[in-house]
Amino acid sequence: MEPLGLNEIRERYLSFFESKGHLRLPSFSLVPRNDPSILLINAGMTPMKPYFTGAEVPPRKRVTTCQKCIRTPDIENVGHTSRHGTYFEMLGNFSFGDYFKDEVIPWAWEFLTKTLEMPEDKLWPSVYEEDDEAFAIWRDVIGLPENRITRLGKADNFWEHGTGPCGPCSEIYFDRGERYGCGKPTCRPGCECDRFVEIWNLVFSQFDRQEDGTYLPLKQKNIDTGAGLERVACVMQGVDNLFEVDTVRKILDTVCEISGKTYGVNHDDDVAIRVITDHMRSSTMMISDGVLPSNEGRGYVLRRLMRRAARFGRLLGIEDSFLVRIAEVVVDRNKDAYPELITRKDYIMKIIAQEEQAFGRTVAAGTEILNQMIAGCKSSGITVLAGEDAFKLHDTYGFPLDLTKEIATDNGLTVDEDGFKAAMKHQKDTARAATKAINDTAWGGTELPAEVVADKNATTFVGYSELGCDAKLIHIIKADEEGNLYPEEEAFENDEIIAVFDKTSLYATMGGQVHDNGVITGDGFEASVISVDKDNSGKFLHKLLITRGAVRQGAQVRINTDAAMRMAIARNHTATHILQSALKSVLGNHVEQAGSLVADDRLRFDFNHFQAMTKEEIAKVEAIVNDVVLQDIPVITREMAISDAQKLGATALFGEKYGSVVRVVSVGDFDNPFDMEFCGGTHLKSSGQIGQFRIVSEAGIAAGTRRIEAVTGAKCYEMSKADRDLIDEVCGALKSGREQIVERINALHGELKSLEKEIADIEKAKAGSFAENAAAKAIEIGGIKAVISTCDASDASALRDTADKIRDNIGNGVVFLASCSEGKVLFTAMATKSAVDCGAHCGNIIREAAKIAGGGGGGRPDMAQAGGKDASRIPEALAKAEEVLRSQIK
């Protein structure tokens with residue numbers, strides 16, 4: 001068996017299954033598409049679920065991939081053992097109703113024994129205990145003796161997840177030798193010891209699990225296999241764990257080089273080295289796929305991984321920023337398999353650098369908060385920091401528990417780790433409950449009537465070239481009072497129905513583009529279009545309002561598309577394509593579409609970017625788009641094989657699934673386009689038809705995601721006219737020409753500032769005069785002076801300034817002032833140090849006095865402030881203040 005590098009194994013696997021008629025697909029994004037049940041792709045088959053369920057048509061019945069995966073349930077164990085990791089790659093070959101057990105088992109054996117040259121006597125298969133068919137293939141076709149084939153129960157060799165497709169599986173184990181075993185004579189696949197390591201799982205999806213727990217045969221049998229690439233590499237390289245595999249070991253060695261540590265010498269150092277190695281593999285791949293650090297969802301997973309890596313770097317004694325250096329090695333070792341790492345490298349490194357810097361600030365801020373908690377414990381004589389406080393630091397501020405323990409220990413305290421774990425468990429239980437609520441079944445369902453679902457005939461869309469067509473009404477669907485859909489043969493005036501035709505010119509809502517509007521007519525019948533959607537089998541679902549007459553199933557009708565609305569939508573869609581290329585030109589190639597809306601009145605484009613755009617960047621993007629508009633560049637659409645489109649460099653929506661034939665829209669010739677994208681939407685004939693493009697707003701909608709809203713065509717004219725009208729109105733108000741508007745506003749602003757200063761000076765002089773008079777009228781309480789009075793102050797700041805002046809004038813005493821401005825009651829109390837020494841406490845005085853006026857507040861012994869609601873009771877509040885002060889001064 002020849003030692004092979006991880007990258008070589010990956011390529012051999014994919015090439016092997018290409019030779020067996022499989023389409024090689026690139027890894028799907030780690031961010032799931034239309035699957036709210038998971039945060040991140042965690043298995044090779046996860047992106048394939050729509051193909052297995054029939055919700056989408058696969059590009060070919062045979063597919064092979066190497067899928068990037070992330071699993072984080074055991075994140076706390078990563079590093080503490082050499083077996084746990086969060087990032088891995090899963091090799092897989094899939095059949096969607098094509099081949100089955102007779103083909104996949106021999107192919108698996110051929111790949112392992114011929115392509116990888118693994119010794120046959122080291123390979124042990126297991127099968128589900130009731131799967132005689134698979135057992136027979138291993139025995140009769142492969143030629144293994146029966147004692148080399150292990151039958152295992154449902155827990156080990158039957159794959160199912162809720163209701164839906166499921167089936168038995170056959171796993172292939174590699175025998176690492178007796179020195180890894182338990183020594184028992186019964187040791188074989190399924191044993192808990194480390195001798196037999198599972199390297200490949202062949203899942204035979206042949207049943208449909210019902211709600212009652214019964215299993216029905218699937219009409220279309222599928223194959224889903226998964227082989228952990230790192231596990232296979234461990235076997236091929238003769239190493240014990242994933243951290244010893246060549247590509248991973250290079251990352252680990254870089255951590256050692258930066259930290260000055262030697263791997264394998266000290267247990268605690270080894271834990272830290274493994275954590276950094278694993279977490280930076282995951283982090284780099286996640287950022288490449290568009291995930292950005294945040295405090296929720298997958299962004300929180302990324303932030304936790306990166307901060308954990310940074311924290312363990314501190315434990316290794318690394319003082320400077322270092323995560324970028326590790327990520328550069330991750331990119332270098334994976335760039336051939338995942339070329340997007342190179343195109344997005346600068347972006348990846350910038351995000352990592354920013355997050356590491358942010359973590360440094362978090363440590364500083366968290367330390368300050370922790371010190372306050374520790375001070376509170378000490379002042380109360382408590383020697384244990386509450387678990388809830390430690391969890392708050394961890395969850396809210398990203399402050400690691402081990403750092404909390406370290407600082408607490410330095411201050412003679414311990415941390416209630418059981419309380420911390422309880423708070424952590426509560427949070428996880430809450431998250432699991434939320435996930436379960438949206439994922440009771442792994443496969444989902446449909447609300448359409450059964451006979452409509454059974455009809456797999458797709459609607460023919462002619463709208464790319466025609467704005468109207470004759471069509472036949474195939475299905476009429478109505479809804480009862482509870483919203484349940486049922487088939488009907490006839491519909492009448494004022495009925496709302498869903499209609500399915502054999503063909504249509506109306507575009508359905510999809511790909512971010514809204515549906516067309518229009519009118520449908522027939523013999524004595526007319527209906528207006530409310531909406532158009534498309535189901536998984538390609539049927540266009542037209543929601544209609546019957547405005548005249550009646551229509552029966554099977555009727556011939558005329559579908560007419562609203563041409564003006566279609567043109568407005570096309571303007572915004574073509575402009576959206578041009579906008580994306582302009583953003584890449586100005587901001588960088590890391591820009592990826594994160595969502596869009598193409599309507600008739602506006603366009604909205606969401607994209608990945610780590611900071612707000614500057615005014616200059618927005619202006620530059622807008623100018624680039626308008627320049628393309630003025631050039632009147634041809635917009636060309638073609639259908640072609642997906643492989644040809646990829647060779648041309650057409651931009652695909654990241655993480656989107658496409659068929660074997662795709663539609664490509666190019667702004668400009670295909671050999672030298674300004675923009676070229678996969679797109680099924682409706683577009684213009686040339687960029688000049690956009691007329692004009694204008695960005696209305698740019699804002700953040702989530703961590704690392706920005707949104708641009710813009711308009712085109714007539715909407716630009718409407719906005720320009722509104723701007724002109726507003727400017728004319730401003731000119732009239734200022735009695736100024738357009739050219740002098742800014743100059744006139746600046747002059748008025750200067751005059752306003754001067755008047756404000758005059759008023760402030762008057763208020764200051766007034767306060768000084770009031771302070772002198774009030775101090776002169778001070779009463780004496782227990783040997784100190786007291787000024788307890790109302791004051792004409794415009795706001796809380798002015799009230800404090802006045803009280804401060806009176807305190808300075810009385811030398812030794814207490815000031816209590818009340819004011820009412822615009823119906824708002826304000827109180828302020830101040831005391832000199834000598835008055836405090838005599839027992840005065842402003843916080844207590846003001847708290848009792850404010851209650852009288854229906855308010856509340858408090859503060860320190862020497863200064864306090866409060867508010868009230870009832871101005872009529874201010875005299876009573878003043879009396880209460882004097883009463884409390886007299887009780888304090890002994």
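How many disulfides does the structure hold? The structure, a predicted model, holds zero disulfides, a disulfide being a pair of cysteine sulfur atoms within 2.5 Å. In general terms, a disulfide is a covalent bond between the sulfur atoms of two cysteines. Cys166 is in no disulfide, and the nearest cysteine sulfur, that of Cys169, is 11 Å away. For Cys842, likewise in no disulfide, the nearest cysteine sulfur is that of Cys838, 13 Å away. Cys166 counts as buried because its relative accessibility is 1%, and Cys842 is buried with a relative accessible area of 0%. Here buried means under 20% relative accessible area, exposed over 50%, and partly exposed in between, with a 1.4 Å probe and protein chains only.

Because the model is predicted, local features need pLDDT of at least 70 and side-chain atom pairs count only at pLDDT 80 or more, whereas totals for chains, interfaces and linings use all residues. Residues are numbered from 1 along each chain as its sequence is written, and side-chain values use heavy atoms, with hydrogens and water left out.

The protein has 25 helices and 34 strands; these are DSSP runs numbered from the N terminus, with helices (H or I) of at least four residues and strands (E) of at least two. Its C-alpha atoms fill a box of roughly 110 × 85 × 55 Å, taken along the principal axes. Of the 890 residues, 48% count as buried. Among contacts (heavy atoms within 4.5 Å) with a separation of 6 or more, 68% are between residues 24 or more positions apart.

An open sheet is formed by six strands in the order β29-β30-β31-β32-β34-β33, with mixed pairing; two strands pair if DSSP finds at least two bridges between them. Strands β29 (779–781) and β33 (856–859) stand at the edges, and each has a single partner strand, so one side of each is left without a neighbour in the sheet. On average, neighbouring strands of this sheet are turned by 20° against each other, direction ignored. β29 runs antiparallel to β30 (residues 784–790), and three bridges join the two strands. Ile781 has Ile784 in β30 as its bridge partner. Helix α25 (residues 874–888) packs on the sheet, where it touches β29, β30, β31 (813–821) and β32 (824–831), and its direction makes about 165° with that of β31. Axes are lines fitted to C-alpha atoms, for helices over the stretch in contact, and angles run from 0 to 180 degrees between N-to-C directions.

Helix α9 (residues 297–315) packs against helix α14 (residues 401–410) at an angle of about 40°, and the axes are 10 Å apart. In this contact, Arg311, Phe312 and Leu315 of α9 meet Asp402, Leu403 and Glu406 of α14. The contact residues divide into three nonpolar, no polar and three charged, where Ala, Val, Leu, Ile, Met, Phe, Trp, Tyr, Cys and Pro count as nonpolar, Asp, Glu, Lys and Arg as charged, and the others, Gly among them, as polar.

Asp470 lies in strand β13 (residues 468–479) and is partly exposed at 48% relative accessibility. Apart from residues up to four places away in sequence, Asp470 touches Lys503, Val557 and Arg558. The side chains of Asp470 and Arg558 are joined by a polar contact of 3.4 Å. A polar contact is a pair of N or O atoms within 3.5 Å; within protein, one must be able to donate a hydrogen and the other to accept it, and residues adjacent in sequence count only if both atoms are side-chain atoms. Gly512 is 42 residues from Asp470 along the chain, and their C-alpha atoms are separated by 27 Å.

Asn201, in strand β8 (residues 196–209), is buried with a relative accessible area of 16%. Neighbours within four places in sequence aside, Asn201 is in contact with Cys169, Ser170, Glu171, Asp224, Thr225 and Gly226. His394 belongs to helix α13 (residues 387–397) and counts as buried at 13% relative accessibility. With residues up to four places away in sequence not counted, His394 touches Tyr300, Phe399, Phe420 and Met424.

Most residues other than glycine have a negative phi. Glu117, however, has a positive phi, near 60°; Glu117 sits in the loop between α3 (101–115) and β4 (123–128) and is partly exposed at 45% relative accessibility. The phi of Asp632 is also positive, near 50°. Asp632 is placed in the loop between α18 (615–631) and β24 (635–641), and at 42% relative accessibility Asp632 counts as partly exposed.
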